[in-house]
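Me: I am new to this structure. Please take me through one part closely, and then through what surrounds it.

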Amino acid sequence: SGTTSIDKLITNTIREDVRNAGSYVVPDASGYIKLDAMENPYELPDELRAELGQRLADAALNRYPVASYTTLKQKICAGLGVPAGYDVLLGNGSDELISIMATAVAKQGGQRAVVMAPTPAFVMFARSAGFAGADYVGVPIKADFSLDLPAMLAAIQTHKPALVFLAYPNNPTGNLFDAEDMVAIIEALGETGIVVADEAYQPFAKKSFMGRLPEFPNLVVMRTLSKLGLAGIRLGYLSGDPKLLAEFEKVRPPYNVNVLTQVAAEFALDHLDVLDQQAEMLNAERTRLSTELAALPGVEVFPSAANFISLRVPDADQVCARLRDEKVLIKNLSKMDKLLANCIRVTVSTPEENTAFLTALKASL
Ligand code: PMP
């Protein structure tokens, strides 16, 4: 009724940690050159879009999705290098898979479990761990953005994490961690913890732990179609030991991948060559952009194996404000972590958009 105070209702019902949390902020990008979210700037060619349109028109939207997702899973396994005998779990983006895994491990014998990642890391690791009711422990990486292996191993001893996220390449830094360091972490955890190799940027890095799944029962590999050019359909996939996946499967909401996504993903997986070509063009532009950035006075460019580049500028706030005036949207990393003071992150895009960014950046320096 009119006498119910919504604020009291919220205090009485909503968890304190949720009330105190901020929202996941996505800036309004309309009218901007959008270089803040690692999207592929290229669309499918017109004739493929027309064909996809027909497939989507034929989809039975009155029905729930085919619950087993058999065809889609088979296309993923066959097209994207999942080892024989390994299946995939599908998520509404890898964001949902992060949440599913965090939920599945969050409590052990009435105690909050620990979820760990080297930091700075993708922000959803910490957010999802918290919302799932687990504790999150971030272990700082080194100034050159490599893993601090002794610190990771010590933190594993101390906190006994049930789940460790290792993004390969890492976001927001863009680098690949040393594979041998990652193996040392996987082996140190053994039966006590699951390692997630988050390979969101694998289409650009080309390196992967997928082929090594049979070596490590406590390893799972998570990927997404987002960066490959299908951010809008929201499809992530996770591979690992079938028995372990079956446990995560229990937490997955039914029908989490909708019919439109299913149809679009199956279509795209039949045309992976087109998406791979786009990734090649973006990798060539990454090289060009990195070289041109490195030549700018006062700019420090960090090596990237992903479709974005992190760099340090003299004054990140000023650069971002100036770029915004020029209608170029990038990500200011400055406040995220003390390692990232005056750092910004830019998505690699088309030659034209990259040049627009370079021009605006030069003017801001
Ligand atoms: N992992 C990493 C490392 C990411 O950078 C992102 C996207 N920013 C994701 C996962 C989530 O991707 P999506 O939900 O679009 O699959």
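Which residue in β12 stands opposite Val-301?

Reply: Leu-311 in β12 stands opposite Val-301. A word on the ground rules. Residues are numbered from 1 along each chain as its sequence is written. This is a predicted model, in which local features need pLDDT of at least 70, side-chain atom pairs count only at pLDDT 80 or more, and totals for chains, interfaces and linings use all residues.

β11 and strand β12 (residues 308-312) run antiparallel and are joined by two bridges. Helices (H or I, at least four residues) and strands (E, at least two) are DSSP runs, numbered from the N terminus. Two strands pair if DSSP finds at least two bridges between them.

Now the whole sheet. It is open, with four strands in the order β11-β12-β15-β14 and antiparallel pairing. β11 (300-301) and β14 (331-332) are at the edges; each has a single partner strand, so one side of each is left without a neighbour in the sheet. Helix α14 (residues 316-325) packs on this sheet and touches β14 and β15 (343-347). The direction of α14 makes about 35 degrees with that of β15. Such angles run from 0 to 180 degrees between N-to-C directions, with axes fitted to C-alpha atoms, for helices over the stretch in contact.

Next, the domains. The assignment, automatic or from a database, gives domain 1 (6-45 + 273-364) and domain 2 (62-271). Their centres, taken over C-alpha atoms, are 23 Å apart. Across the boundary, 28 residues of domain 1 are in contact with 23 residues of domain 2. Contact requires C-beta atoms, placed from the backbone, within 7 Å. β12 returns here: β12 and α13 (272-294) each supply at least two residues of the side of domain 1 that touches domain 2. α13 gives the most to that side, with seven residues.

There is a second sheet. Seven strands form an open sheet in the order β2-β10-β9-β8-β7-β5-β6, and the pairing is mixed. Its edge strands, β2 (87-91) and β6 (135-140), each pair on one side only. Strand β8 (residues 194-198) runs parallel to strand β9 (residues 219-224), and four bridges join them. Within this pair, Ala-197 has Val-221 in β9 as its bridge partner. Helix α6 (residues 123-132) lies across β5 (114-119), β6 and β7 (163-167), at about 155 degrees to β6.

The largest nonpolar core has 104 residues, and Leu-166 and Val-196 have the most contacts inside it. A nonpolar core is a set of buried Ala, Val, Leu, Ile, Met, Phe, Trp, Tyr and Cys residues joined through C-beta atoms within 7 Å. Helix α5 (residues 93-105) gives the most to this core, with seven residues. Val-196 touches Leu-166, among others, and also Met-101 and Val-220.

Last, one annotated residue. UniProt, in an unreviewed entry, lists Lys-227 for "modified residue: N6-(pyridoxal phosphate)lysine". UniProt positions follow the numbering used here, feature names are shortened, and annotations may be inferred rather than shown by experiment. Lys-227 is in helix α10 (residues 226-230). It counts as buried because 27 C-beta neighbours lie inside 10 Å. The buried cut-off is 20 or more other C-beta atoms within 10 Å; 12 or fewer means exposed, and in between is partly exposed, with C-beta atoms placed from the backbone. Not counting residues up to four places away in sequence, Lys-227 touches Met-38, Asn-40, Ala-200, Tyr-201, Pro-203 and Asn-307.

Methods: Contact = placed C-beta atoms within 7 Å.
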